Amino acid sequence: MSHIEEIKDYWNLRANGFSSAISEELETESATEWSACFKEHIGPAPKKVLDDGTGPGFFPTILAEAGYHVTAAGYT
């Protein structure tokens with residue numbers, strides 16, 4: 001098996017746990033603090049926001065829940 005295939009297999013096995021971890025993190029005080037920070041620095045919703053290189057989608061989820069119109073772009 002190639003190194004690339006090993007990496008793919010690893011992350012495919014971790015995907016469900018990773019998704020659960022992000023979901024759990026969205027229920028923490030940290031998510032609430034990020035939401036307040038965005039409102040302070042971006043201004044009140046609704047506004048359009050671009051999250052470039054979004055990763056697991058933690059920030060665009062918080063922004064969308066706060067009423068912003070979010071475009072999230074990831075890279076593969």
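Contact, in this report, means heavy atoms within 4.5 Å. Helices (H or I, at least four residues) and strands (E, at least two) are DSSP runs, numbered from the N terminus. The structure is a predicted model, in which local features need pLDDT of at least 70, side-chain atom pairs count only at pLDDT 80 or more, and totals for chains, interfaces and linings use all residues. Residues are numbered from 1 along each chain as its sequence is written, and side-chain values use heavy atoms, with hydrogens and water left out.

**Helix α2**

Helix α2 runs over residues 29-42 and has 14 residues. From its first C-alpha to its last it reaches 20 Å, close to the 20 Å expected at 1.5 Å a residue; the expected span is 1.5 Å times one less than the number of residues. A residue is called buried under 20% relative accessible area, exposed over 50%, and partly exposed in between (1.4 Å probe, protein chains only).

Ala31, Ser35 and Phe38 are the buried residues of α2. They cover an arc of only 65° around the axis, so they sit on the same side of α2. The arc is taken from the directions that lead from the helix axis to the C-beta atoms. These buried residues of α2 pack against α1 and α3. The face turned away from the buried side carries the exposed residues Glu29, Glu40 and His41.

Leaving aside neighbours within four places in sequence, serine 35 is in contact with Ile62 and Ala66.

**Loops and turns beside the helices**

Threonine 28 lies in the loop between α1 and α2. The C-alpha atoms of threonine 28 and leucine 13 are separated by 25 Å, and the two residues are 15 residues apart along the chain.

Glycine 43 follows α2 and has a positive phi, near 100°. Glycine 67 follows α3, and its phi is also positive, near 100°. Proline 46 has its place in the loop between α2 and β1. A cis peptide bond, with omega about 5°, joins alanine 45 and proline 46. Most residues other than glycine have a negative phi, and most peptide bonds are trans.

Strand β1 covers residues 48-52. Val49 and Asp51 make up its covered face, while Lys48, Leu50 and Asp52 make up the uncovered one. In a regular strand the side chains alternate between the two faces of the sheet.

Two strands pair if DSSP finds at least two bridges between them. β1 and strand β2 (residues 69-73) pair in the parallel sense over five bridges. Valine 49 has valine 70 of β2 as its bridge partner, and aspartate 52 stands opposite alanine 73 in β2.

Together with helix α3 (residues 58-65), β1 and β2 make a right-handed β-α-β unit. Right-handed means that, with the strands pointing away from the viewer, the path from the first strand over the helix to the second runs clockwise.

In α3, the residues Phe58, Pro60, Ile62 and Leu63 are buried. They pack against α1, α2, β1 and β2. Proline 60 is found in helix α3. Apart from neighbours within four places in sequence, proline 60 is in contact with Asp51, Thr54, Val70 and Ala72. The C-alpha atoms of proline 60 and glutamate 5, which are 55 residues apart along the chain, are separated by 30 Å.

**The salt bridge**

A salt bridge is a side-chain nitrogen of Lys or Arg within 4 Å of a carboxyl oxygen of Asp or Glu. A search of the whole structure finds one. It joins the side chains of glutamate 5 and lysine 8, at 3.8 Å from N to O. Both residues belong to helix α1 (residues 3-25), and because they are three residues apart there, about one helical turn separates them.

**Accessibility of selected residues**

The table gives values for some of the residues named above.

| Residue | Relative accessible area | Class |
|---|---|---|
| Glutamate 5 | 36% | partly exposed |
| Lysine 8 | 46% | partly exposed |
| Threonine 28 | 32% | partly exposed |
| Proline 60 | 9% | buried |
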